[in-house]
There are 2 protein chains.
Amino acid sequence: MVMKLTEMSKEQLSAFKAECEKEYEAYKAKGMKLDMSRGKPGADQLDIAMPMFDVFTNSASMIADDGTDCRNYGMLTGIPDAKKLFGELLGVGTDEIIIGGNSSLSLMYDTVARAVTHGVYGSEKPWGKCEKVKFLCPAPGYDRHFAICETFGIEMITVPMKNDGPDMDMVEKLVAEDEAIKGIWCVPLYSNPDGIVYSDETVRRFANLSPKAKDFRIFWDNAYCVHYLKDAPDRILNILDECKKTGKEDMVFIFASTSKISFPGAGVAVMAGSVNNINQIAALMGIQCISYDKINQLRHVKYFKDMDGIMAHMAKHKAILAPKFNMVLDMLDKEIGELGILEWNKPNGGYFVSVNTLDGCAKRTVQLCKEAGVVLTGAGATFPYGKDPADKNIRIAPTYPPVSELEQAMNIFCISLKLASAEKLLEA
Amino acid sequence: MVMKLTEMSKEQLSAFKAECEKEYEAYKAKGMKLDMSRGKPGADQLDIAMPMFDVFTNSASMIADDGTDCRNYGMLTGIPDAKKLFGELLGVGTDEIIIGGNSSLSLMYDTVARAVTHGVYGSEKPWGKCEKVKFLCPAPGYDRHFAICETFGIEMITVPMKNDGPDMDMVEKLVAEDEAIKGIWCVPLYSNPDGIVYSDETVRRFANLSPKAKDFRIFWDNAYCVHYLKDAPDRILNILDECKKTGKEDMVFIFASTSKISFPGAGVAVMAGSVNNINQIAALMGIQCISYDKINQLRHVKYFKDMDGIMAHMAKHKAILAPKFNMVLDMLDKEIGELGILEWNKPNGGYFVSVNTLDGCAKRTVQLCKEAGVVLTGAGATFPYGKDPADKNIRIAPTYPPVSELEQAMNIFCISLKLASAEKLLEA
């Protein structure tokens, strides 16, 4: 029976700490250099999609279904072939989707930027002309979502995450009360970083929101829509369908990409929404560009062919990733177990293991890891303004390092956490 | 000896017009459908770069010079290999360039958009917070430049084009007087649509500008930097070098792309400027995206290898394009010649033949062409707000149709022009 650190006497804690320090110094002496900071696929995952570069045999193979030469200008919102495939992925019609460039982050940034300078469909004025614009930010969440708000001076209001999605009581209350609240960031399936799957009730409550701001938008970043780690993928309700049922289909912008399906930075990003939204966006997008990379769109369609192709491909990712996630979870079980210093989730998909230390231990743990050569996502990054009020959330990204390195990194993480926890408890 | 239309009597004009109408109706009856509206490469030009899709043999071939795996996230401002190649193309250092996505138009739009929401390097406040922002727009010019201004509510001031660039007396005077003037659009080599090459004096006068607005920027869109049609490419002075000599290197943003070198919509776009500018832009760009498509960057580098590779490639484009331009110019000589109803340039490069009709004949000529099945760029498109004050400029884009179709289209253009001119003169 392991004793919880919180139940140890000062003497026991001091002894525990001294032991941890010795072990920590030994790891530190190894001078390792490991990176678990970002949700990057490993090289073996990237190898899976290499046949994608063999799909074009000649000029004729670069013609889209409708006769468009993908090598020339045109087709701002994407080729029909890509709209069909990715429309199926997101469960939307071909008139409800825009095939973008290589980055869904860019589609999200551009969507906020356009809202600031021009407004969204139905806006009375550009958001930039409003005295104040606020976004709800379920947290822990994705740091790059929060960075978009920060760069445009959009005030972020943290909403706690529950096991089935954001605290919807709070979301409903806030959006109904405050006209300045124009949006909310959501990663509805395998949320970043918690791996939470929004329940049907959560999705329905989103579709039922009655925001005071008539041009309020749900930014539905379905980044991990097919990124499962267990026997079968989890499913969420189709938000656009649900919004149609409530007559509020203009309330949601959906985003996704193949960054973690094919290639990060060289994949295809998509956004979806009501026809009203898509038309308003396309009109402004046409000032920004003539067309996105249709050759890459067609490359993806020719390689994946259909949803079965995508799912077969994702099974290969799963086969590589599941052992890495299992290793992380096993290490936490074995090394931290019942010490009472960490809570963690066991995600069914996505790219992260989100852990919560004792209050006030996250920054110190990340710092200790760094000094021993393991770079983690900065503590606090998962909260608006980079400030975790309890200083306890750490995002572990197990996907990039090979399993052997991951094991080393997790050893260092565990000993750093123990040391930081003992230090904190001795302070008290 | 041909008689000028302007010297004909009413009777002679009426007879001329009647003959034109007959000829025009004959063409119209053929029911053709030809497009000379945009500067698109023809399919034969696109075929030239097809070997570009064979440059990757395996995963190892996708590693950049510095070891970066181009298939993964990272390298916001581009891979070093691409910075070297395109830095050479633009005559700038590797710390003075950003390798973008597939569209220089997007880089330009995004640069203006960021200026509106955040300002440029050295701005006291975002342009969007200024009471008024104005741009100088040398015209005839590129309609998509003007559309960017229009979408952001930037007031456009037309500056006449001369044979060696914009009217610099006017440019110097206006920017020195009016603090609201924050920018000017330039296509310095083979300008769109006139094909004008800025003289050394013009470039030096640009580098010597003393704008009242401390955050004034020259938007130097070097879209046709290697797109020559004669025996040898024309050269312009390096604007960044010239600006360094005057200590005003922060005053210029340079843009270019391979859209008309490799593939429109699937090429590589670049922007260049002082280190101050590049750093300010990259910091904000990092909120918008993690990285552009590095695989496509490397694909281009591997295919072109160096500037010699690019120039050898452009010689192949020239071999296809020069006969098309010659055909257009020969037709104008033969069909319009000394009729006194059209002036036209004979460009050494670029993608257009710009013509000026008698005052008030451009719209009607374009309309007649359209009714006979030939789509031209809309009359007026080459001026701010789409309004050509004299209604006389027409942009002919000879690149896209095969030579045989081009000949048909030019026949229709010439007869439409003659008819429109006769109509106009009979009105008087």
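Author: In this predicted model, chain A holds an open sheet of eight strands in the order β2-β9-β8-β7-β6-β3-β4-β5, and the pairing is mixed.

Reader: Why are β2 and β5 of chain A said to stand at the edges?

Author: β2 (97–99) and β5 (165–166) of chain A each have a single partner strand, so one side of each is left without a neighbour in the sheet.

Reader: Turning to chain B, why is α12(B) called oblique to α13(B)?

Author: The axes of α12 (residues 362–371) and α13 (residues 403–427) of chain B come within 8 Å and cross at roughly 135 degrees. Angles over 145 count as roughly antiparallel and 65 to 115 as roughly perpendicular, with the rest oblique, so the value makes α12(B) oblique to α13(B). The crossing of α12(B) and α13(B) is right-handed.

Reader: Which residues of α12(B) make the contact, and how do the residues of the contact of α12(B) with α13(B) divide?

Author: From α12(B) come B:R364, B:T365, B:L368 and B:C369, while α13(B) contributes several residues, including B:I412, B:F413 and B:E423. The residues of this contact divide into seven nonpolar, two polar and two charged.

Notes:
Residues are numbered from 1 along each chain as its sequence is written. Chains are lettered from A and ligands numbered from 1 in the order in which they are written. This is a predicted model: local features need pLDDT of at least 70, side-chain atom pairs count only at pLDDT 80 or more; totals for chains, interfaces and linings use all residues. Axes are lines fitted to C-alpha atoms, for helices over the stretch in contact, and angles run from 0 to 180 degrees between N-to-C directions. Helices (H or I, at least four residues) and strands (E, at least two) are DSSP runs, numbered from the N terminus. Angles under 35 degrees count as roughly parallel, over 145 as roughly antiparallel, 65 to 115 as roughly perpendicular and the rest as oblique. A crossing is left-handed if the near helix is turned anticlockwise from the far one by less than a right angle, and right-handed if clockwise. Two residues are in contact if their C-beta atoms, placed from the backbone, lie within 7 Å. Ala, Val, Leu, Ile, Met, Phe, Trp, Tyr, Cys and Pro count as nonpolar, Asp, Glu, Lys and Arg as charged, and the others, Gly among them, as polar. Two strands pair if DSSP finds at least two bridges between them.
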